[in-house]
Amino acid sequence: MTFTQFTAFAAVAKHLNVTKAANMLHVSQPSLSKHLKALEENFRLCLFTRHPKGIRLTDEGYEFFHDIEPILAQLEKINQRYRNGSA
């Protein structure tokens, strides 16, 4: 589990589209898919269901997204505060 995997998952969960999320994160779609697969394998969860028209979050996916949102918000707060040298 890495923050990169959390960020990848959150982007896909928000867009419900791997290609759009990859573009937003400036990574390749295969790279993003690898992060999602590793996250699902690490936690032994099925976070998405794939359909011909795209993907949907599973119930576990919604719960996981809800659980990691505060973590990602805190990480963003830390990045903004310390990356700019304004601690």
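1. Basis. The model is predicted: local features need pLDDT of at least 70, side-chain atom pairs count only at pLDDT 80 or more, and totals for chains, interfaces and linings use all residues. Residues are numbered from 1 along each chain as its sequence is written, and side-chain values use heavy atoms, with hydrogens and water left out.

2. Helix α1 against helix α3. Helices (H or I, at least four residues) and strands (E, at least two) are DSSP runs numbered from the N terminus. The axes of α1 (residues 3–15) and α3 (residues 29–43) cross at roughly 110° and come within 9 Å; axes are lines fitted to C-alpha atoms, for helices over the stretch in contact, and angles run from 0 to 180 degrees between N-to-C directions. The two helices are therefore roughly perpendicular (65 to 115 degrees; under 35 is roughly parallel, over 145 roughly antiparallel, the rest oblique).

3. Residues between α1 and α3. On the α1 side, Thr4, Gln5, Phe6, Ala8, Phe9 and Val12 meet Leu32, His35, Leu36, Ala38, Leu39 and Phe43 of α3, where contact means heavy atoms within 4.5 Å. By class, this contact has nine nonpolar, three polar and no charged residues (nonpolar: Ala, Val, Leu, Ile, Met, Phe, Trp, Tyr, Cys and Pro; charged: Asp, Glu, Lys and Arg; polar: the others, Gly among them).

4. Helix α2 against helix α3. Helix α2 (residues 18–25) packs on α3 at about 105°, with the axes 9 Å apart. That makes α2 roughly perpendicular to α3. Val18, Thr19, Ala21, Ala22 and Leu25 in α2 meet Gln29, Leu32, Ser33 and Leu36 in α3. The contact divides into six nonpolar, three polar and no charged residues.

5. Ser33. This residue of helix α3 is partly exposed, with a relative accessible area of 27% (buried is under 20%, exposed over 50%, partly exposed in between; 1.4 Å probe, protein chains only). The C-alpha atoms of Ser33 and Tyr82 are separated by 30 Å, at 49 residues apart along the chain.

6. Thr58. Thr58 lies in the loop between β2 (54–57) and α4 and is buried, with a relative accessible area of 13%. Leaving aside neighbours within four places in sequence, Thr58 is in contact with Cys46, Leu47, Phe48 and Thr49.
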